[in-house]
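Could you walk me through the local geometry, ring pairs and charged contacts of this model? Here is a short tour to read alongside the structure.

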Amino acid sequence: MTSAAAARIDLHAHSTASDGTLSPAELVGAAADAGLDVVAITDHDTTAGWDAAVRALPPGLTLVRGAELSCRWYGVEPAIPLHLLAYLFDPTEPELVAELARVRLAREERGERIVRLLQADGIDVSWREILAGAAGGTVGRPHIAQALIRAGLVATTTEAFGPDWLGERYRLPKEDIDVFRAVELVRAAGGVPVFAHPRASRRGRIVPDELIVELAAAGLAGLEADHEDHSPAERAHVRGLAAELGLLVTGSSDFHGTHKTVRLGAHTTAPEAYERIVAAASGVTPVASG
């Protein structure tokens, strides 16, 4: 890797193991091509892409193995969904493995229910084709969005997630992990939990700062500040809150391949924050290629 001061570190990227469009091997290749020194594979609720990413790791690139956990805060009604980035945890820890399997199954069942709703309204989408498109990865709404695009019903993923489609009319809740339980499980597995895009109001409801204070006391390690869905004011707010609470701050692309326009390395994490993550982890270590 290049000197720490010059390192380019992107700690949030998705592959076909969930709802990205690049395979794990293609993802690490693209990360190297983008000039990154460190990249994290953080597929939704799964570690299925880890081994393939390690095998394909290009020279000079370091891989952080992680996942993005589907969580929910039940302190208000209706509960607020949120995402927790989990880094360098032990992928064999039984309680975490069981919880992730439960969430993946629930996500697939929700996807099938959404497709049935679409079909009941005369919309020509096939659950079998959507499963095939997921190629064994965790099925999510982006896979259904691709089916709507193939059917000529919408032009883009953004349109598919609009209120006429998956954003509201055909949106169903999914089973998630209580966020305090998720922090506990990640820590118990030797991992480092970071709250993904915590102030992204353009995505919908956000949690109050008071919850982040409570999560910090429960073991939350950091906040993702630099993200495409944060405005400059939201980024500044996250940084200020992290400073108050002694939390580390990350920046990441949240890359999904062609499902999003954002590029790998669009936002990056400071080497000091990355080093804090590595020092705090006891599950697995980053994998460096020659």
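Let us begin with Leu88, which counts as buried at 1% relative accessibility; buried means under 20% relative accessible area, exposed over 50% and partly exposed in between, with a 1.4 Å probe and protein chains only. Leu88 is not a glycine, yet its phi is positive, at about 60 degrees. Leu88 is found in the loop between E4 and helix H3 (94–120); helices (H or I, at least four residues) and strands (E, at least two) are DSSP runs, numbered from the N terminus.

A word on the source: this is a predicted model, in which local features need pLDDT of at least 70 and side-chain atom pairs count only at pLDDT 80 or more, while totals for chains, interfaces and linings use all residues. Residues are numbered from 1 along each chain as its sequence is written, and side-chain values use heavy atoms, with hydrogens and water left out.

Asp45 also has a positive phi, near 60 degrees, and is a residue other than glycine. Asp45 sits in the loop between strand E2 (38–44) and helix H2 (50–55), and its relative accessible area of 0% makes it buried. Another backbone feature is the cis peptide bond between Glu77 and Pro78, with omega about 0 degrees; Pro78 belongs to the loop between strand E3 (62–73) and E4.

Now to the strands. Strand E6 (residues 192–195) is covered on both faces, with Val192 and Val194 buried on one side and Pro193 and Phe195 buried on the other. E6 pairs with strand E4 (residues 80–87) in the antiparallel sense over four bridges, where a pair of strands needs at least two DSSP bridges. Val194 of E6 is the bridge partner of Leu85, and Val194 also stands opposite Gly222 in E7. E6 and strand E7 (residues 222–226) run parallel and are joined by two bridges. Together with helix H8 (residues 209–218), E6 and E7 make a right-handed β-α-β unit; right-handed means that, with the strands pointing away from the viewer, the path from the first strand over the helix to the second runs clockwise.

How many aromatic pairs does a search of the whole structure find? There are two, taking rings of Phe, Tyr and Trp (its six-membered ring) with centres within 6.5 Å, and calling planes under 30 degrees apart stacked, over 60 edge-to-face and the rest tilted. Trp50 and Phe89 form a tilted pair, 5.2 Å centre to centre with 55 degrees between the planes. This pair links distant parts of the chain, with Trp50 in helix H2 and Phe89 in the loop between E4 and H3, 39 residues apart. Trp50 is buried at 5% relative accessible area, and Phe89 is buried at 1%. The rings of Trp165 and Tyr170 are stacked because their centres are 6.1 Å apart and their planes at 25 degrees; both residues are buried.

The structure holds 13 salt bridges, each a side-chain nitrogen of Lys or Arg within 4 Å of a carboxyl oxygen of Asp or Glu. Among them are these:

| Salt bridge | N to O distance |
|---|---|
| Glu95 and Arg181 | 2.8 Å |
| Arg102 and Glu99 | 3.0 Å |
| Asp209 and Arg199 | 3.4 Å |

Asp209 lies in helix H8 and Arg199 in the loop between E6 and H8, so their pair ties together parts 10 residues apart in sequence. Arg102 and Glu99 are three residues apart in helix H3, so about one helical turn separates them. Finally, Arg203, Glu228, Asp229, Asp254 and Lys260 are linked in a network of salt bridges.
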